[in-house]
Amino acid sequence: MRAKHLRSSVKATWALPLLLCGLAGCPTEPAEDLDHGIINIEFKRGQSETSSPYDGTSRVEVTLLYLECLIDFYDANPDYQQYGPEGALVFGTREDGGEGWLDRLCDTERAGQVDCQVESFRQELDAAKQLTIHYTVSGEIEDRLLPFGPLPEPDLAMCEAGGQPIVRVGSMGAVRGLDGNGDTVWNTEAFSPSEAATGQGAPITIRAARAN
């Protein structure tokens, strides 16, 4: 049976390393143990493009579909939905006292990442089962990665029969770029693979073409 109301926490096993490094000093704090993770989206130019289609982009919108394991997880654990008591701490800011992915998602020193900030999350669990993220972006986009999440990690999702918490690109319109006026700069021309799960390493590659 799926466990409910699991909270991310700082593991008690940190206590011993902290004591042992008391004399020598600790160069960094222990990494946080999070219940949620990300997949990455990689941006390439489409085969129809001879130059970068991403010039002039100030916003990116990404909508990925939840597949069976994630649908089952949110059905069984409504508190983890975006506006549930647990979900509000996951999708909110760090100041709210939880994982704070509104701040966390783009706050990383990962090499090759798009310079981004999250404008908003919109989780839909009615007819469509999906997560939409609106980002503001700056700098280079081509050949860079954009993190997408939060997505429950396998230990939290507890997928049945060895499944994984997977999201899918459902259509060519799932990922697009806009300028400062809200006009579409580029659309997806092709993507591969269509699915990804947290921690699998390989990104979903989007190949884009100018909208006009």
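This is a predicted model: local features need pLDDT of at least 70, side-chain atom pairs count only at pLDDT 80 or more; totals for chains, interfaces and linings use all residues.

Biologist: Which hand does the disulfide of Cys69 and Cys159 have, and why?

Modeller: Left-handed, because the torsion about the S-S bond is about -80°.

Biologist: Where do Cys69 and Cys159 sit?

Modeller: In distant parts of the chain, 90 residues apart. Cys69 is in helix H2, residues 68-76. Cys159 is in the loop between helix H5 (154-157) and strand E6 (166-168).

Biologist: Are Cys69 and Cys159 buried or exposed?

Modeller: Both Cys69 and Cys159 are buried.

Biologist: How many disulfides does the count come to?

Modeller: Two. Cys106 and Cys116 also form one, and their sulfur atoms are 2.0 Å apart.

Biologist: What is the hand of the Cys106 and Cys116 link?

Modeller: That link is left-handed, with -110° about the S-S bond. Cys106 lies in the loop between helix H4 (101-104) and strand E3 (115-125), and Cys116 lies in strand E3, so the pair ties together parts that are 10 residues apart in sequence.

Biologist: And Cys106 and Cys116, buried or exposed?

Modeller: Cys106 is buried, and Cys116 is buried too.

Biologist: New topic, strands. How do E2 and E7 pair?

Modeller: Antiparallel, over four bridges. E2 covers residues 59-66 and E7 covers residues 175-178.

Biologist: Which residue in E7 is the bridge partner of Val62?

Modeller: Val175.

Biologist: How many bridges join E7 to E8?

Modeller: Three, and these strands run antiparallel. E8 spans residues 184-192. Arg176 stands opposite Asn187 in E8.

Biologist: What about the hairpin of E7 and E8?

Modeller: Five residues lie between the strands. Gly182 takes a positive phi there, near 85°.

Biologist: Last one, Ile133. Which strand is Ile133 found in?

Modeller: Strand E4, residues 129-138.

Biologist: Why does Ile133 count as buried?

Modeller: Because its relative accessibility is 0%, and the cut-off for buried is under 20%.

Biologist: What does Ile133 touch?

Modeller: Leaving out residues up to four places away in sequence, Ile133 touches Val60, Glu61, Val62, Leu105, Val118, Ser120, Phe121, Phe148 and Gly149. Val62 is also the bridge partner of Val175 in E7.

Biologist: Where is Glu119 relative to Ile133?

Modeller: Their C-alpha atoms are separated by 7.5 Å, and the two residues are 14 residues apart along the chain.

Technical notes: Residues are numbered from 1 along each chain as its sequence is written. Side-chain values use heavy atoms; hydrogens and water are left out. Helices (H or I, at least four residues) and strands (E, at least two) are DSSP runs, numbered from the N terminus. Buried means under 20% relative accessible area, exposed over 50%, partly exposed in between (1.4 Å probe, protein chains only). Contact means heavy atoms within 4.5 Å. Two strands pair if DSSP finds at least two bridges between them. A disulfide is a pair of cysteine sulfur atoms within 2.5 Å.
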